[in-house]
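Student: Could you take me slowly through the aromatic rings in this structure, and tell me which of them pair up and how each pair is arranged?

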Amino acid sequence: MILPYLLRLLCLCFASFFVLNVAAGLLVCISSKSAIRFAASRTPRRAARLLLGLRLLPVVLALLFVLELCVPSYLWLEPAATSERVGLVCGVLGFLGAATWLNSLARTAQSLFASFCHHRLCRFAGQEAPLPGESSPVVLVENEAPLLAMSGLFRPRLLISRSVLQSLSAAELDAALAHEHAHRTSRDNLKRFLMQLAPDIFPFLHPLQTLERAWSQFAEWAADDQATAGDSGRAVSLAAALVQVARMGQGPRLPFLSTSLLASDRDLSARVNRLLETLPVIPAPTAEARPALLSAGVLLVGSMAALLATPATLAVVHELLELLLH
């Protein structure tokens, strides 16, 4: 197969991404059970961060290689010929790499569309109403099915059905709302979006789903801990709210980019048991630590990029690309 200069670069980028994403993804998949057991020994907040990092690690490593090494070495050392033959292996790997990205983009677009339609439907079927202690109006849905969720990506809105509003006591409602606000503070819907956008190891397969389910469980526990803040009274109120909403029956099916008070019935007993135990006070993350960590991460990535993007490194990478190309 003969391709022009830029199409060869595109094929190499997809092929390199696929190979590295598969290699790193298989390592993460093999170590996922051990990672989940280790995460269970941490606090739920730290466990959720660890599992999220592991889920995104293969994609991040593959993208860094492609953008920092593959593209610069090709543009610097590859002669700008009009066309050159591309081997069958490179073509197949490039096709698989493109297929993984197309699959993830289509899946993400579908989730965004479903979230948008669900949010519009709730606003159409309900009305905006103020709640005590809420800085912005919530969407009150006239529906008998229990609903209490945070919907939306960048500006999530609180959705609540009138049946839930009328069934919960003031203390239970306050604890339940605090749980949903914890999801908004942690930007859990955005994290769901990133996991949805991250390509799988192979097209149309989802071997890292175990990590995502474990992350979802720890994210719910972290929101419970943040909502109760070690207060046994609030913990009992939140546990009562969970049981009360569960007794109201099955709620409406929510889009993936939403966080619900009762995310899964399978985790209900574990959450209630945790809440009824003595909980330690969970310190809130300081605002000063986040910019420092972000700056350190940017500095580390920049230093690694500067170290790797040397002529000798680019020459070695170009030789490897030549082997892959032919």
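Tutor: What follows is a close look at the aromatic pairs, and then at a charged residue and its helix. Please keep in mind that this is a predicted model. A search of the whole structure finds 3 aromatic pairs, and two of these can be described in detail here. In one of them, the ring centres of Phe-17 and Trp-101 are 5.3 Å apart and their planes stand at 40 degrees, so this pair is tilted. Because Phe-17 belongs to helix α1 (residues 5-30) while Trp-101 belongs to helix α4 (residues 88-125), the pair ties together parts that are 84 residues apart in sequence. Phe-17 and Trp-101 are both buried.

Another pair is formed by Phe-18 and Phe-202, whose ring centres are 6.2 Å apart and whose planes are at 65 degrees; since planes over 60 degrees apart count as edge-to-face, that is the name for this pair. Here too distant parts of the chain are linked, with Phe-18 in helix α1 and Phe-202 in the loop between α7 (188-197) and α8 (209-228), 184 residues apart. Phe-18 has a relative accessibility of 6% and counts as buried, whereas Phe-202, with a relative accessible area of 30%, is partly exposed.

A ring can also have a charge over it: Arg-192 lies over the face of Phe-256, at 5.4 Å from the ring centre. Arg-192 is one of the buried residues of α7, which also include Asp-188, Asn-189 and Phe-193. When α7 is seen down its axis, the buried residues fall within an arc of 165 degrees, so they line one face of the helix.

Note on methods: Residues are numbered from 1 along each chain as its sequence is written. This is a predicted model: local features need pLDDT of at least 70, side-chain atom pairs count only at pLDDT 80 or more; totals for chains, interfaces and linings use all residues. Side-chain values use heavy atoms; hydrogens and water are left out. Rings of Phe, Tyr and Trp (its six-membered ring) pair if their centres lie within 6.5 Å; planes under 30 degrees apart count as stacked, over 60 as edge-to-face and the rest as tilted. Helices (H or I, at least four residues) and strands (E, at least two) are DSSP runs, numbered from the N terminus. Buried means under 20% relative accessible area, exposed over 50%, partly exposed in between (1.4 Å probe, protein chains only). A charge sits over a ring if NZ of Lys or CZ of Arg is within 6 Å of the ring centre and within 35 degrees of the ring normal. The arc is that of the directions from the helix axis to the C-beta atoms.
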